[in-house]
Every structure is written in structure tokens, then in C-alpha cells.
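My entries follow in the order in which I looked.

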Amino acid sequence: MQLQLSAPAKLNLFLHITGQREDGYHELQTLFRLLDYGDTLGFTANRSGEIRLSGSPADIPPQDNLVVRAARLLQRDDFGVDIHLDKRIPAGGGLGGGSSDAATTLLGLNHLWQLGLSSEQLQAIGAQLGADIPVFVAGHTAWAEGIGERLTAVELPEAWYLIMAPDCHVSTAQIFSHRQLTRNTGAITIAAFFEGHTRNDCQSLVRELHPEVDNALNWLGNFGDARLTGTGACVFCEFPGEAQARAVLARLPQGAKGFVARGLNASPVIRELSSYKH
Ligand SMILES: C[C@](O)(CO)[C@H](O)COP(=O)(O)OP(=O)(O)OC[C@H]1O[C@@H](n2ccc(N)nc2=O)[C@H](O)[C@@H]1O
Ligand SMILES: Nc1ncnc2c1ncn2[C@@H]1O[C@H](COP(=O)(O)OP(=O)(O)OP(=O)(O)O)[C@@H](O)[C@H]1O
């Protein structure tokens, strides 16, 4: 049996750090916006007892790939699978690429191996691997609290985003362990988000450490409210329509990388899975 499934990227429309737990993890508030831009994964089930991955980026040994690590968490008996990953989301960009690949793997294998696990059970399994995985399993644009796993689905109006991918890698662990990071932002309500009272608490530190991110924010800031997503390195600006976003994309400085994506409320992977069920 075969499955072909999407793994959408996300943006953090804002990111507030409201505290730190005893285990070092940070408590945050964020709005995860899903995008119609992402990776694709193909799954072919077998009874080899082996999890084989092709298409893993050259700098990630397959056994370290979150796809394989997620599959191992569900594997039992002689269940096996061949997975092909078609990667488009820039790695380490704050777009949740690895997390989304892992979530799609959990959803896909639950279906292929007929495990019968609920979305909540898969979200809890995903949370063991990464704080960003549960939202992709839940499959909806969401307000998130806790370490990112306490989710409330949110419907946002149509919006388009220009995303720039500066040519540098930002380490999430380094940013979260930096002594200069703001960790005491007061908790806000969803209503305050809609009134626009938000920011990304990692942004000033990341632009100080990475001049490439600073340059991208300065350039994109000419066209609107430019922000960092997650801990970066990608930055984005929202536009009401596709034409406005594409007009700015056409003006990207030479050598700069970027793309335009539409915001989604529902993840394509949930729709794709339900079509396989019929
Ligand atoms: C910054 C965000 O992308 C916002 O969506 C996420 O919070 C990060 O999620 P992620 O990449 O799935 O993060 P993980 O792989 O779980 O953790 C990476 C590193 O960030 C730190 N980390 C992560 C999430 C969090 N709420 N507090 C943290 O302190 C962890 O200590 C770890 O060292
Ligand atoms: N399938 C995968 N795709 C991308 N990165 C992966 C994958 N599996 C493991 N990784 C590792 O995870 C790290 C983070 O990748 P990812 O693309 O999820 O970062 P990110 O976009 O910053 O995510 P987040 O917003 O969740 O912090 C990479 O540096 C890479 O070494």
C-alpha cells in the first residue's frame, strides 16, 4: 500500500516567551500559521521490519532524520516502510520543516500500519521528539501555549506571505540558551493578537548574532511589518493579496532567496488522508 502526503511549512506570526520551566524548556505563546508551501513524502509499507529513507538532505544522516525517528516511535513487530522525502522547506529556517515531516510520518504510518491511534495520541508521541510537531499533527492554524503543545485552532482571514531565507543557519538551542534572550513577556489574550500587540522575542538577539537576518529584516521592512519566524533564520511579511506579495518578490535583491506562500487554516495532509480512507 502506498501514500503520497504533504508536509506544510509554518510561520510563527508572533512569538512571546513568557517563562522557563525547571527542565530548561521555555513557556511561550505563539500563533502557528500553516502555509501552502512544503515538503512531500511518499510511503510504501512492507513487512521487512526496516525503515528506509531516501531523499534525506546530504547533511542529515538518515538515522538522525526526524522522519526516521518518528517512524521508530510507531514501529512494532515486522512492520517496515520505504519513505521518500522531497524536500523544499529550507532546513533550520524556523519554518518547521523537520517537525512537519515528522508529523506527516506519524499520520501516514498510523494509517498505513493501521495502528488506530487518535490525533491526541499522535500529538503526544510527536511532542517527545520536538515542540513544534503537535501543531502539524493537529493540522490547523493554531494559537499555542505551554512549550507549543497546548493548541487552540484559530481561523485567520486570507493572507499571503513573502518569506526570505537568509543564507545562514540559526541554532534554536543556542538562541533558547542565550543569556540575553527576553524571557519575561506578560501573557496576552487572542484578542490582543488581533489588535496587533505582538512581536517575536527572539528577533533582536537573532539579528544581533546574524547580520544576514538583520539585512533581510531591513530590506523587507520597506514593504510592511517584517518579522522573524521561530528562531529564524527566515523572515516574512504579510500581504492581503498574492499580487502584492509577488510584486515585492520580483524586487528581491540579487542573490537573495525567497518565495511567496498563501496562509492556510487547515493542513492539506488531513484532507489527503481522508481521501485515502474512501
Ligand atoms: C522556536 C519554535 O520553532 C517556535 O515554533 C519552537 O519553539 C522550536 O521548536 P523545535 O524546533 O521543535 O524545538 P525542539 O527540537 O523541541 O528544541 C530545540 C531546542 O530549543 C529549546 N526549546 C525549544 C522549545 C521551547 N518551547 N523551549 C526551548 O527551550 C530546547 O531546549 C532545545 O534545545
Ligand atoms: N526531515 C528533516 N528536515 C529538516 N531538518 C531535519 C529533518 N530531520 C532532522 N532535521 C534536523 O533538524 C534541524 C532543524 O530543522 P527544521 O527544518 O525543523 O528547523 P526549523 O525550521 O528551525 O524548525 P523549528 O521552527 O521547528 O525550529 C536541522 O538542522 C536538521 O539537522
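**Ligand 2 and its shell**

I began with the shell around ligand 2, where helix H2 (residues 97-112) gives the most, with four residues. The model is a predicted one, which I keep in mind for every entry below. In total I find 20 residues surrounding ligand 2, and the closest are Asn 65, Leu 66, Gly 94, Gly 98 and Asp 132. Sorted by class, this shell around ligand 2 holds five nonpolar, ten polar and five charged residues.

I then went through polar contacts made by nitrogen atoms of ligand 2. The side chain of Asn 65 places an N or O atom 2.8 Å from a nitrogen atom of the ligand, while Leu 66 uses a backbone N or O atom, which lies 2.9 Å from a nitrogen atom of ligand 2. Asp 101 also takes part, with a polar side-chain atom 3.0 Å from a nitrogen atom of ligand 2. On its own, ligand 2 has 610 Å² of accessible area, and the protein covers 79% of that. When I looked up the pocket, I noted that ligand 2 sits in the largest pocket.

**Ligand 1 and its shell**

For ligand 1 I find 16 surrounding residues, of which the closest are Asn 12, Tyr 25, His 26, Ala 131 and Asp 132. The shell around ligand 1 divides into seven nonpolar, seven polar and two charged residues.

Here the polar contacts I looked up involve oxygen atoms of the ligand. A polar side-chain atom of His 26 is 2.8 Å from an oxygen atom of ligand 1, and the side chain of Tyr 25 has an N or O atom 2.9 Å from an oxygen atom of ligand 1. Ala 131 contributes through its backbone, with an N or O atom 3.0 Å from an oxygen atom of ligand 1. The protein covers 81% of the 630 Å² of accessible area that ligand 1 has on its own.

Where does ligand 1 lie relative to domain 1 (2-155) and domain 2 (160-264)? I place ligand 1 between them, because both domains give residues to its shell. By element, strand E1 (2-20), strand E2 (26-46) and helix H5 (172-176) each supply at least two residues of that shell. The space that ligand 1 takes is the largest pocket, and the largest pocket is also where I had found ligand 2.

**Backbone check**

Last, I looked along the backbone and found a cis peptide bond between Gly 232 and Ala 233, with omega at about 15°. Ala 233 belongs to the loop between strand E8 (227-228) and strand E9 (235-239). I also noted Asp 77, which is not a glycine and yet has a positive phi of about 50°; this residue is in the loop between helix H1 (66-74) and strand E4 (80-86).

Terms used: Residues are numbered from 1 along each chain as its sequence is written. Chains are lettered from A and ligands numbered from 1 in the order in which they are written. This is a predicted model: local features need pLDDT of at least 70, side-chain atom pairs count only at pLDDT 80 or more; totals for chains, interfaces and linings use all residues. Side-chain values use heavy atoms; hydrogens and water are left out. A residue is near a molecule or strand if one of its heavy atoms lies within 4 Å of it. A polar contact is a pair of N or O atoms within 3.5 Å; within protein, one must be able to donate a hydrogen and the other to accept it, and residues adjacent in sequence count only if both atoms are side-chain atoms. Accessible areas come from the Shrake-Rupley method with a 1.4 Å probe; for residues, only the protein chains shown count as cover. On a 1 Å grid over the protein atoms alone, a cavity is a set of points where a 1.4 Å probe fits but cannot get out, and a pocket is an open set with protein on both sides within 12 Å along at least five of seven lines; lining residues have an atom within 4 Å of a point. A molecule sits in a cavity or pocket if more than half of its atoms lie within 2 Å of its grid points. Ala, Val, Leu, Ile, Met, Phe, Trp, Tyr, Cys and Pro count as nonpolar, Asp, Glu, Lys and Arg as charged, and the others, Gly among them, as polar. Domain bounds come from an automatic or database domain assignment.
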